Amino acid sequence: MDRPSLWTQDVWVDLGLLTFARAAVTARDGRLISKREALELLPSLRAPGEVVDDIRRRRYGDPAPVTEEWTRRRAGLTRSYLGSAIDGLVASGC
């Protein structure tokens, strides 16, 4: 999770969260899910709701105007979530 400035980019946020959800299902069930399925799963994995909503809007809806403040906040929420979520997944032995 080094280089926090990378997490201000949409692609890092999207793929970071979606890849985590897909990896969690693969580890748990041995199957690969689509990115769209991963997006729907993220709330049950306790991902930050406002970030999940942002991804959904940008990918499948009408993206809201982006402010620098939101970009920084989203980066922090994503990094914070993924750090502990990955640790938890590894610790669970899945």
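Predicted model: local features only at pLDDT ≥ 70, side-chain atom pairs only at ≥ 80, totals over all residues.
Q: At what angle do H3 and H4 cross?
A: The axes (lines fitted to C-alpha atoms over the stretch in contact, with angles from 0 to 180 degrees between N-to-C directions) of helix H3 (residues 49–60) and helix H4 (residues 68–92) come within 10 Å and cross at roughly 120°. Helices here are DSSP runs of H or I with at least four residues, numbered from the N terminus.

Q: Which residues make the contact?
A: Glu-50, Val-51, Asp-54 and Arg-58 of H3 meet Trp-70, Arg-73, Arg-74, Leu-77 and Thr-78 of H4, contact being heavy atoms within 4.5 Å.

Q: How many salt bridges are there?
A: The count is 12, each a side-chain nitrogen of Lys or Arg within 4 Å of a carboxyl oxygen of Asp or Glu.

Q: What does Asp-14 pair with?
A: Asp-14 forms a salt bridge with Arg-59 (3.8 Å, N to O). This pair joins helix H1 (residues 10–29) to helix H3 across 45 residues.

Q: Is Asp-14 buried or exposed?
A: Asp-14 is buried at 7% relative accessibility, whereas Arg-59 is partly exposed at 33%. Buried means under 20% relative accessible area, exposed over 50%, and partly exposed in between (1.4 Å probe, protein chains only).

Q: Which residues form the network?
A: Salt bridges link Asp-10, Asp-14, Asp-54, Arg-58, Arg-59 and Arg-74.

Conventions
Residues numbered from 1 in each chain as written. Heavy atoms only, no water. Helix = DSSP H or I, 4+ residues; strand = E, 2+ residues; numbered from the N terminus.
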